[in-house]
Amino acid sequence: MKEFGVDLVVPTCEEIFHLATAPMHDALGERLFAPPQETLHQLHDKLLFAQAARTWGLPTPESIAVGSTADLEQFMADSSEWVFKPRFTRFGGSTLIGPDARSLAALADAIDDGWMAQRRIRGDEASLHFIAHRGTLCAFAAYGSRWRLKGGASYAFEPVSQARAEHLHSLAEALARGGQLHGQFGCDVMFDEAGEAMIIECNPRATSGVHLLAGDGALARAIGDGASLPPGVQRTAYLGPAMVAFGLPHALASGRVSEWRACLANGRDAISRPGDRMPFLGAMVDSAKFSLSGLAKGISTTAATTHDIEWNGEEFDQ
């Protein structure tokens, strides 16, 4: 660090969990833009997060630990009203939403003490991304998506309405303040049928919403100096390679070609810049590598993107 004059280390993916271990956190000190490991654990564990968020006065669905066949019995009569998922999970790959009793019974073969049940919220899904400096909200974006991979990962990010953005902004402020958060964070939210927002889970790292904040240097100032990023008109952002590789085939198969064209015309590519297509090509190469890696490991392409850096609550070697 001293040799290269590094002033700030900004994790962008799951390397954050490794950089925040006690030895690394002590070595990096104030240069690491991330909370300590115990806070990361509390936010990354979906059950612990739901419990903590409630103590901070935030609306979250009823959440219950499940770890055995016996634990599942209590949900058999109304399983369609619950969501079952690992407490550490990504891309929604293992999540069961409102399963029937037979599907829930089949889960008993795979379940362990790392699972949870969460009350199902019917409504509209949204996500938020925010940056906080020691409990103070500095930057914020809220978005939804109609372009997703199977399992839930989005590749186009559309700003929500002003009313919903203001509602979610207040929740982000309360979350940053309640957890005394420092770093980048994302949350998944459901607006129920009455229009009330319920926070489902948290990703204590950079998420796709950062694309709505980038572009003019204000994001860097928010991260580096804690400067407040002024609210402005945000424009749909999309991942160009994914819109071509996944979005176009989906649009052709579902009759949404005009919607796909409109997204490209009205939004902006978060990967490339005018006159520079090399990032686009590089992202396509990366996608191919992750696809091949996923095939070799018997997992999805999206799962392959974090396979070698995931942290699921295990003890680190100190």
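In which sense do strand β10 and β11 pair, and over how many bridges? Strand β10, residues 237–238, pairs with β11 in the parallel sense, over two bridges. This is a predicted model.

**The seven-strand sheet**

A237 has R268 as its bridge partner in β11. Both strands belong to an open sheet of seven strands. The order is β9-β8-β5-β6-β7-β10-β11, and the pairing is mixed. β9 (197–203) and β11 (268–269) stand at the edges. Each has a single partner strand, so one side of each is left without a neighbour in the sheet. Strands of a sheet pair through backbone hydrogen bonds, either parallel or antiparallel.

Strand β2 covers residues 82–86, and five of its five residues are buried. W82, F84 and P86 point one way from the strand. V83 and K85 point the other way, and these are buried too.

β2 runs antiparallel to strand β4 (residues 115–119), joined by five bridges. Within that pairing, V83 has Q118 of β4 as its bridge partner. β2 also pairs with strand β3 (residues 96–97), again in the antiparallel sense, over two bridges. Here the bridge partner of F84 is L96 in β3.

Ring pairs link W82 and F84 with F75 into a cluster.

**Aromatic pairs**

A pair of aromatic rings is described by the distance of the centres and the angle of the planes. The model has five aromatic pairs. One of them joins Y143 and F157, with 5.7 Å centre to centre and 85 degrees between the planes. That geometry is edge-to-face. The pair links distant parts of the chain, 14 residues apart: Y143 lies in strand β6 (residues 136–144) and F157 in strand β7 (residues 156–159). Y143 is buried at a relative accessible area of 7%. F157 is buried at 0%.

Another pair is Y155 with F246. Their ring centres are 6.3 Å apart and their planes stand at 45 degrees, so the pair is tilted. Y155 sits in the loop between β6 and β7, F246 in helix α9 (residues 240–254), 91 residues apart. Y155 counts as buried at 2% relative accessibility. F246, by contrast, is partly exposed at 36%.

**Charges over rings**

Two arginines sit over aromatic rings, as listed here.

| Charged residue | Ring | Distance to ring centre |
|---|---|---|
| R164 | F191 | 4.1 Å |
| R256 | W147 | 4.0 Å |

E166 lies in helix α7 (residues 162–179). Its C-alpha atom is 9.1 Å from that of A142, which is 24 residues away along the chain.

**The cavity**

How many cavities of 30 Å³ or more does the structure hold? There is one. The largest cavity has about 30 Å³ of space. V10, P11, I16, F33, Q184, P204, R205 and A206 line the largest cavity. By class, this lining has six nonpolar residues, one polar and one charged.

How values were computed: Residues numbered from 1 in each chain as written. Predicted model: local features only at pLDDT ≥ 70, side-chain atom pairs only at ≥ 80, totals over all residues. Heavy atoms only, no water. Phe/Tyr/Trp six-rings, centres within 6.5 Å; stacked < 30°, edge-to-face > 60°. Helix = DSSP H or I, 4+ residues; strand = E, 2+ residues; numbered from the N terminus. Buried < 20%, exposed > 50% of the residue type's maximum accessible area, 1.4 Å probe, protein only. Lys NZ or Arg CZ within 6 Å of the ring centre and 35° of its normal. Pairing = 2+ DSSP bridges. 1 Å grid on protein atoms, 1.4 Å probe; cavity = no way out; pocket = protein on both sides within 12 Å on 5 of 7 lines; lining within 4 Å. Points joined across faces, edges and corners; volume = space filled by probe spheres on them. Nonpolar A, V, L, I, M, F, W, Y, C, P; charged D, E, K, R; others polar.
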